[in-house]
Amino acid sequence: MIDDAPLPEVDADNAPFWEGTAKEELRMQVCANCGRRRFPPRPMCPWCRSLDSRWERMSGRGRVWSFVVPHRPLLPAFEPLAPYNVVVVSLEEDDNLRLVGNVVAGPDAEINSVPTDQIEIGLPVQVVFQHAGDDITLPRWTPRSDS
Amino acid sequence: MSIKDRTAIVGIGQTTFAKTLPHSELWMACTAIKGALDDAGIDPAEVDGLSSYAMEPNIEVEVARNLGLGDVSWFSQVGYGGGAGCAVVGNAAMAVATGQCRVAVAWRARKRGDAANRPWAQVGERVEGPAQWSRPWGLLRPVDEIAMLARRYMYEYGMTREQLANAALAFRKHANQNPAALMYDKPLTREQYLSARWISEPLCLFDNCLESDGAVALVIVAAQRARDLDGPVVLIHGFSQGLNAQHQTMTNYFRDDPLEGPAWACSQLLWRHADFGAEDVDVAQLYDAFSPLIPLSLEGYGFCKRGEGGDYMEDGGIEWPGGRLPVNTSGGGMSEAYVHGINLISEGARQIRGTSTCQVEGAETSLVTSGEGVPTSALLLRKG
């Protein structure tokens, strides 16, 4: 088993997403022809079949759509952190744009830094960014008080 | 043209199911296939079709060399893990019905009792494909991926853990009747369920399938030939695969309605070709890698409406005897053995033969489904 947390492989389709997070921007792929946003990124727009796309910066605001609390056994990198939370967040710009992440107390906090009983579906969250590897900055989420 | 009632399952074979078997997967596959052919009364030299899962470790050439098969004219594998099962048999039925082969064998042999054999433990340092959008945040195992959908389902429809427990308890009760089941002599109480350790909240230990070793094989021939053999004829009445719009395997969180999974797509063709509907199904084997797949499947295949799956399982609704739809009558993946769902197909066939250890009296129709949450498949079996 690997010792560190697995990281995404950067490729032609997802590179703009990771270039964005490195600059602390949450970007979504947008069809250059019909204007619909899509995630996860892919070469062709499933609605108008255009191969042209651009990337737009999002507000970074969203709400928890669902969450789980994993317990052991887990990969070695996650064992000492369990139980921690993993969430799916719906973006403010479009409820159907969703990302997997974690709710954390702040940009540098661990994924078990917010007590799991404080996480609920509908919780308003704001994106934060954590440096996770030489080329990867992961978006995570921190609770926001304004709804 | 459809394949309705044109082929039949005429042989069932399996190894012992156990937490750990000492044998290789090849040994297990050969044993199950030879058993199924003996059950059918067909010589291995007659087999000319081979059908299995893309994840099956034993390739066709090894199976053919060991069993002494002759010339094989058709072989095929189906992807997407536990979604493949019914399609492995369904594809064999299509091959037989269209003359691509005459005697097809479908099988799965699997060792996963050892923790190192579990796919989630084999992830690399860099992740590609769908998992790149979930694993880096610690959503690691299939149970985590399904728990995410389960939490949302419970939020939207008010299903409780008490209701979810009904799946685990029903399947265990059935396994307690089945000497081949891993959990044959291990009863499970509601109190044990509710106090069990968490695996991925909101799912506990007993919401998960077993980790086990085992192999199952099935023999498929033309219906006409099946009628010449001994015993009741298990006709393959209907078959469909299902991959719904904008589906992403396991982490199906990105389509507009993530709680509408592949079962909804799969059931469309299945019922369109069938001579009967969900209300006429006598017994069902529903893929149960995790308990929330049961309410999702009950809804997807039309036994109840969206959000009613939890209620459907109340008051012994899916229990044998007496339930409105007895489900997983051998104990299923959660209490018999987890063999990627192929043991659900053998149990579906046994119900039509009348030889289940939880036999539904006079069962004439049987539904079997494969993994929900991944591109899936389903079979309708009928007494011929």
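**Close-up views of a predicted model**

**View 1. Helix α1(B) passes helix α2(B) in a right-handed crossing.** The model shown here and in the following views is predicted. In chain B, helix α1 covers residues 25-40 and helix α2 covers residues 60-67. The axes of these two helices come within 10 Å and cross at roughly 60°. That angle makes α1(B) oblique to α2(B).

**View 2. Residues of α1(B) meet residues of α2(B).** The α1(B) side is formed by Leu26(B), Ala29(B), Cys30(B), Ile33(B) and Lys34(B). Facing them in α2(B) are Glu62(B), Val63(B), Asn66(B) and Leu67(B). Sorted by class, this contact of α1(B) with α2(B) comprises six nonpolar residues, one polar residue and two charged residues.

**View 3. Chain A is assigned two domains, domain 1 and domain 2.** According to the domain assignment, domain 1 of chain A spans residues 9-57, and domain 2 of chain A spans residues 59-147. The centres of the two domains, taken over C-alpha atoms, are separated by 21 Å.

**View 4. Domain 1 of chain A is in contact with domain 2 of chain A.** Nine residues of domain 1 take part, together with 11 residues of domain 2. On the side of domain 1 that touches domain 2, helix α1 of chain A (residues 15-22) supplies the largest share, with three residues. By class, this side of domain 1 has six nonpolar residues, one polar residue and two charged residues.

Definitions and conventions:
Residues are numbered from 1 along each chain as its sequence is written. Chains are lettered from A and ligands numbered from 1 in the order in which they are written. This is a predicted model: local features need pLDDT of at least 70, side-chain atom pairs count only at pLDDT 80 or more; totals for chains, interfaces and linings use all residues. Axes are lines fitted to C-alpha atoms, for helices over the stretch in contact, and angles run from 0 to 180 degrees between N-to-C directions. Helices (H or I, at least four residues) and strands (E, at least two) are DSSP runs, numbered from the N terminus. Angles under 35 degrees count as roughly parallel, over 145 as roughly antiparallel, 65 to 115 as roughly perpendicular and the rest as oblique. A crossing is left-handed if the near helix is turned anticlockwise from the far one by less than a right angle, and right-handed if clockwise. Two residues are in contact if their C-beta atoms, placed from the backbone, lie within 7 Å. Ala, Val, Leu, Ile, Met, Phe, Trp, Tyr, Cys and Pro count as nonpolar, Asp, Glu, Lys and Arg as charged, and the others, Gly among them, as polar. Domain bounds come from an automatic or database domain assignment.
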